[in-house]
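Subject: Handing over a structure

Hi,

Here is the structure I promised to pass on to you. Have a look at it first, and my notes follow below.

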Amino acid sequence: CLVAMPLVASADDQARAAERLNELLSRAKTMTGGFSQMTLSANGANLQETTGTLALKRPGMFRWHTDPPLEQELVSDGQVIWLYDPDLEQVTIQQVDPRLTHTPALLLSGDVSTLQENFNISRTEGGSVVDFVLTPKASDSMFDHLRLSFRDGLLNDMQLNDPVGQRTNILFNNVQLNPPLDATRFTFEIPEGVDVISE
């Protein structure tokens, strides 16, 4: 039977959802895995498909590498984010935004205690699957809402819906929780001869 879900979860429900999400995300002090990502337009047309690998270390460190032909590398040491585009031969450097909203990697590797400050959070559970929907409280976020799905306690997939109706689905694979990861993995050596753009 279908149960009508309230559109806005009560404050208690939100607090419990935030607590559960915090608990699941906090299990991963470090995490590695692969991902496949598909971006769909508002009318459902497939705009882009990519695959890649990721590594995360709390708080705020990550390396998110997208495979060729659309190769990009996004790296953060918790203070600075480097976005490297080998095709354009350029690196963009920016300070980490404490609001956690501009990349999925930052959301996953960030300080989970701030999630409830930045998002309204609702939860649905069925069997071994737990889904969370995060809606940003700030109006200038890069997405309207984001769904995080866990299966058997491991991150399974993520879906972002942006303000123009595009949908990005990220499916994670070979996820490993808490492997030893050296902090040097989360710094970026700028290759010779590339353009550097500081924001």
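A residue is called buried under 20% relative accessible area, exposed over 50% and partly exposed in between, using a 1.4 Å probe and protein chains only. Ser41 is buried because its relative accessible area is 14%.

Some background before I go on. This is a predicted model, in which local features need pLDDT of at least 70 and side-chain atom pairs count only at pLDDT 80 or more, while totals for chains, interfaces and linings use all residues. Residues are numbered from 1 along each chain as its sequence is written, and side-chain values use heavy atoms, with hydrogens and water left out.

Back to Ser41: where is it found? Ser41 lies in the loop between strand 1 (30-40) and strand 2 (46-57); helices (H or I, at least four residues) and strands (E, at least two) are DSSP runs, numbered from the N terminus. Leaving aside neighbours within four places in sequence, Ser41 is in contact (heavy atoms within 4.5 Å) with Leu47, Gly165 and Gln166.

Twelve strands form an open sheet with mixed pairing, in the order 7-8-9-10-11-1-2-3-4-5-6-12; two strands pair if DSSP finds at least two bridges between them. Strand 7 (119-126) and strand 12 (195-198) are the edge strands, each pairing on one side only. Strand 3 (residues 61-66) and strand 4 (residues 72-77) pair in the antiparallel sense over six bridges, and Phe62 stands opposite Ser76 in strand 4.

Finally, the aromatic rings. The structure holds five aromatic pairs. Rings of Phe, Tyr and Trp (its six-membered ring) pair if their centres lie within 6.5 Å; planes under 30 degrees apart count as stacked, over 60 as edge-to-face and the rest as tilted. Phe119 and Phe143 are stacked, because their ring centres are 6.1 Å apart and their planes are at 5°. This pair links distant parts of the chain, with Phe119 in strand 7 and Phe143 in the loop between strand 8 and strand 9, 24 residues apart. Phe119 is buried, with a relative accessible area of 0%, and Phe143 counts as buried at 7%.

The rings of Phe132 and Phe150 have centres 5.9 Å apart and planes at 90°, so this pair is edge-to-face. Phe132 sits in strand 8 and Phe150 in strand 9, 18 residues apart, and both residues are buried. Ring pairs also link Phe35, Trp64 and Phe172 into a cluster.

Best wishes
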